[in-house]
Amino acid sequence: MAKLQLWLFVLAGLSGALAQTDLRGQVFIFPRESADAHVILSMNNRGPLQNFTVCLQYLTDLTRAYSLFSYTTRTRDNELLLYREKPGLISLFVAGEAVTFKVPENTGTHSAWEHVCASWESATGIAELWVNGIPLPRKGLKKGYSVSDQGIIVLGQEQDRFGGAFDAKQSFVGEMTDVYMWELGTSTDAMGAPSTGSQLPPSILGWDALRYQLKGYVVLKPVLR
Ligand SMILES: *[C@@H]1O[C@H](CO)[C@@H](O)[C@H](O)[C@H]1NC(C)=O
């Protein structure tokens, strides 16, 4: 009996490590600048990505540069990176190359929370950036490339190598929520509320079924609105 209980305990522990959690209504708080606080996310990878859309919401008063979404592989640090260069400038990196979008000032004034979606399509290389539901002029990079699925996704820090080499001066300080990723080359469908986004294919990473690990000083709390 004791053996069976132990075995069940081990099984429960294993499935707990892989559990998907519905985090809707909750946020990750990154309360202090640091070179170690971060969250590792797992995607449901089924091969290299020809198209992707990454969406998330964040609240911060940082004026320096910071990472919003950092995805690296063993061979390339900026395989996919959403990076806020400074107020009004957001860069999207694919396989080490970047396009930078200028965010008009009035785009951010609807709420203190900023909702961003970045998309990229291999067939044309066209990249989109939407801020608070408004699409910015499209740009292009890495036409014909496929994004590796063998990487690590990190929130809160910018990876200069696979899963590490963080710099406190590129860390995110603030709150983040509603992180989603789809294998879609445009954000048009993703801009609606994800919970009611019936036209969307299943996400490859979703706030409603998130597999994540908190590292260092990161706190999960209900959203304040
Ligand atoms: C990626 O998008 C293109 C068109 O935008 C589409 O033709 C292709 O099938 C998509 N690839 C995948 C794997 O979804």
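## Strands and the model

Strands are runs of at least two residues that DSSP marks E, helices are runs of at least four marked H or I, and both are numbered from the N terminus. The structure is a predicted model, in which local features need pLDDT of at least 70 and side-chain atom pairs count only at pLDDT 80 or more, whereas totals for chains, interfaces and linings use all residues. Residues are numbered from 1 along each chain as its sequence is written, and side-chain values rest on heavy atoms, with hydrogens and water left out.

## The seven-stranded sheet

Seven strands form an open sheet with antiparallel pairing, and their order across the sheet is β7-β6-β5-β4-β12-β2-β14; two strands are said to pair if DSSP finds at least two bridges between them. At the edges of this sheet lie β7 (97-102) and β14 (212-215), each of which pairs on one side only.

Strands β4 (residues 66-72) and β5 (residues 80-86) give an example of antiparallel neighbours, joined by five bridges. In this pair, Y71 has L80 of β5 as its bridge partner. In general, the strands of a sheet pair through backbone hydrogen bonds, in either a parallel or an antiparallel manner.

## Salt bridges

There are five salt bridges in the structure, each being a side-chain nitrogen of Lys or Arg within 4 Å of a carboxyl oxygen of Asp or Glu. One of them joins the side chains of D22 and R24, with an N to O distance of 2.5 Å. D22 is partly exposed at a relative accessible area of 36%, and R24 is also partly exposed, at 44% (buried means under 20%, exposed over 50%, and partly exposed in between, with a 1.4 Å probe and protein chains only).

Another salt bridge brings together the side chains of E33 and K169, at 2.8 Å from N to O. This pair links distant parts of the chain, since E33 is in the loop between β1 (26-30) and β2 (38-41) while K169 is in the loop between β12 (152-155) and β13 (174-182), 136 residues apart. E33 itself is partly exposed, with a relative accessible area of 36%. E97 and K142 also form a salt bridge, their closest N and O atoms being 4.0 Å apart. Because E97 lies in strand β7 and K142 in the loop between β11 (139-140) and β12, this pair ties together parts that are 45 residues apart in sequence. Salt bridges that share partners also join E33, R64 and K169 into one network.

## Two loop residues with positive phi

Most residues other than glycine have a negative phi. N132, however, has a positive phi near 50° and is found in the loop between β9 (126-131) and β10 (134-135). K142 is partly exposed, with a relative accessible area of 24%.

## The second largest pocket

I40, L41, S42, M43, N45, Y71, D149, Q150, G151, I152 and I153 line the second largest pocket. (On a 1 Å grid over the protein atoms alone, a pocket is an open set of points with protein on both sides within 12 Å along at least five of seven lines, a cavity is a set where a 1.4 Å probe fits but cannot get out, and lining residues have an atom within 4 Å of a point.) Strands β2 and β12 each supply at least two residues of this lining. Y71 of the lining is the residue whose bridge partner in β5 is L80.
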